[in-house]
Amino acid sequence: IYPPKDWLVGSLLPSDFNPAIIQKIRNELSPENVRIFWESKKFEGLTDKVEPWYGTAYSIEKVSSSTIQAWMSSAPNENLHLPARNVFIPKDLSIKNAQEEIKFPVLLRKSSYSKLWYKPDTVFSTPKAYVKIHFNCPHAGNSPETEVLADLFARLLLDYLNEYAYYAQVAGLLYGISHTDSGFEVTLVGYNHKLRILLETIIDKIVKFEVKPDRFSVIKEMVIKDYQNFKFQQPYQQAMYYCSLILKDQTRPWVEQLDVLPRLNVEDLTKFAPMMLSQAFLECYIAGNIEREEAESMAQHVEDVFFKGPNPICRPPFPSQFLTNRVVKLERGMNYCYSKEGLNPSDENSALVHYIQVHQDDFILNVKLQLFALVAKQPAFHQLRSVEQLGYITVLMQRNDSGICGVQFIIQSTVKDPAHIDSRVEAFLKMFESKLYEMTNDEFKSNVNALIDMKLEKHKNLREESRFYWREITDGTLKFDRREAEVAALKKLTQEELIEFFNENVKVGATRKKTLSVRVHGNQHLAEYQSQKSKAVQPNTIQIDDIFSFRRSQPLYGSFRGGIGHVKL
């Protein structure tokens, strides 16, 4: 249909502007030329034709001119028009020269109101930008009610922005609003030229937020269904959820939120929204085809809207109000176990998450853990899934909770109960120990080089790069040179050091090892669940009965976000 030079664009790129053809089409858009397809159950028994392929009953009627006139005279007085001018369409697609070669994000400005991280594009050479603003609001997560209200706020805000979504999307701009543990995030990505217009539009919607009762009802119903559907998640997902609930200090159970949600109404959110916004700290990240002065101007605008003026709607939090994600520090040499019935009584599957907590973020320990996970991943899958056929879902993967690193086995099964699967994971680790010792030097080097290659793989686009750096900012680790530093550590790593790491942290019976087993029992294994509750607890094992009593009794790792004195302007 198209010559080779047009294969990539096909019919998507009009080549000739012809006003006469456009006007001809517009002239044809008249009531006399209309063809209406109307499908409804109310026509059952009132049709006179049947199409031969599917036996669908239908009728065809000519619309008379008098009917058309009657429609026109009774039509609502709507001012139908072509779409409004799209203010988001970029006109300037030039690539800006970075005034300086900045390899990693830098902290451009910091005040009691906000922090601005900036990373100009020195890699992709596209006229695009990425903006992330986290509103850290102390009042957003101090109870199940405020957590749910903050979620409703974020979802309603996104709903109100729908009128701009189409215009932004066709102009190459995407945005998102999401609820977080301590407030909400605004994300924008796309062509940089008109991105600020979209940002100012979103900020204006936040400032002028009001609760529309009809939309509140719709969004509330959606949120209730989301929480109710939790019980239908797969058992391995439930096990991972319980693992996070045990380890993360600030998390709350979904049942508490579902309990308070039906009682919340329009008035509750109307009162809550200004209270949530009355105190906030803004963490900003701006990257891409944007100059330093532009980034500072954008951040300053947002800061001015919320904190400046005769009647500012916002003030900065007190130092004691900053929320941080802290993680339970399991005791060395101990095994922790939490058992639970599956939430869906009709689900036959049981699941196990066998988590081994190892260390707080450290380049050398990171690469040892990553190399172990890489080397053990395929043998674990082969032994536990292919040979023993414990379950279709069998995964060995790393885990990182706000900079606290470990490794976890995730297995879902109908054939064996979680306690049996737990014993088979330990049996695999005993078997793998010999494989580690028998690994040749060439095999070790091959695995190291494979991990190095994975780390040196370049980010595919600005969004991927920005997400990598934003994770460092939200975790508080701020190790923007992580990949380079870990590659350097890998090049120095010896096989003996990997074996020593395994013996100290992963080996069954190691004095430093810290294990948490989360077991979810499907309807095939409820008898085993009941019998195990009456069994004596093994030495060096703690049975967790109440997650929150356990969490309150445990020490916590220090948060990387606990102190910001090491951040230099």
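**Note on the predicted model**

1. Ser 402 is placed in the loop between S11 and strand S12 (404–413). Helices (DSSP runs of H or I, at least four residues) and strands (runs of E, at least two) are numbered from the N terminus. The phi angle of Ser 402 is near 50°, a positive value in a residue other than glycine. With a relative accessibility of 19%, Ser 402 counts as buried; the term means under 20% relative accessible area, exposed means over 50%, and partly exposed lies in between (1.4 Å probe, protein chains only).

2. The model is predicted, and local features need pLDDT of at least 70, side-chain atom pairs count only at pLDDT 80 or more, and totals for chains, interfaces and linings use all residues. Residues are numbered from 1 along each chain as its sequence is written, and side-chain values use heavy atoms, with hydrogens and water left out.

3. The overall content of the chain is as follows. The chain holds 18 helices and 14 strands. Of its 569 residues, 43% are buried. Along the principal axes, the C-alpha atoms fill a box of roughly 90 × 70 × 60 Å.

4. Gln 389 also deserves attention for its backbone. Although Gln 389 is not a glycine, its phi is positive, at about 50°. This residue is found in the loop between helix H11 (363–387) and strand S11 (393–401). Is Gln 389 buried or exposed? Gln 389 is exposed, with a relative accessible area of 55%.

5. Phe 372 lies in helix H11. Its relative accessible area is 2%, and Phe 372 is therefore buried. Between the C-alpha atoms of Phe 372 and Glu 145 there are 43 Å, while along the chain these two residues are 227 residues apart.

6. One annotation from a record concerns residues 372–470. For this range UniProt lists "domain: Coenzyme PQQ synthesis protein F-like C-terminal lobe", in an unreviewed entry. Such positions follow the numbering used here, feature names are shortened, and annotations may be inferred rather than shown by experiment. In the model, the span of residues 372–470 is 63% helix and 19% strand, and its end C-alpha atoms lie 26 Å apart.

7. Helix H9 (residues 266–277) has 12 residues, and the distance from its first C-alpha to its last is 17 Å, close to the 16 Å expected at 1.5 Å a residue. The expected span is 1.5 Å times one less than the number of residues. The buried residues in H9 are Val 266, Leu 269, Phe 272, Ala 273, Met 276 and Leu 277. Seen down the axis of H9, these residues fall within an arc of 120°, so they line one face of the helix; the arc is that of the directions from the helix axis to the C-beta atoms. An α-helix has 3.6 residues a turn, so residues three or four places apart point the same way.

8. Helix H5 (residues 195–207) has 13 residues and reaches 19 Å from its first C-alpha to its last, close to the expected 18 Å. Among the buried residues of H5 are Leu 195, Leu 198, Leu 199 and Thr 201, together with Ile 202, Ile 203 and Ile 206.

9. Salt bridges form the next topic. How many salt bridges does a search of the whole structure find? The search finds 32, where a salt bridge is a side-chain nitrogen of Lys or Arg within 4 Å of a carboxyl oxygen of Asp or Glu. Glu 303 and Lys 308 meet in one of them, at 3.7 Å from N to O. Glu 303 is buried at 2% relative accessibility, whereas Lys 308 is partly exposed at 33%.

10. Lys 460 forms a salt bridge with Glu 464, their closest N and O atoms being 4.0 Å apart. Lys 460 is exposed, at 58% relative accessibility, and Glu 464 is partly exposed, at 29%.

11. The side chains of Glu 504 and Arg 512 also meet in a salt bridge, at 4.0 Å from N to O. Glu 504 is partly exposed at 32%, and Arg 512 counts as partly exposed at 32%. Elsewhere, salt bridges that share partners join Asp 361, Lys 455, Glu 472, Lys 479, Arg 482 and Glu 486 into one network.
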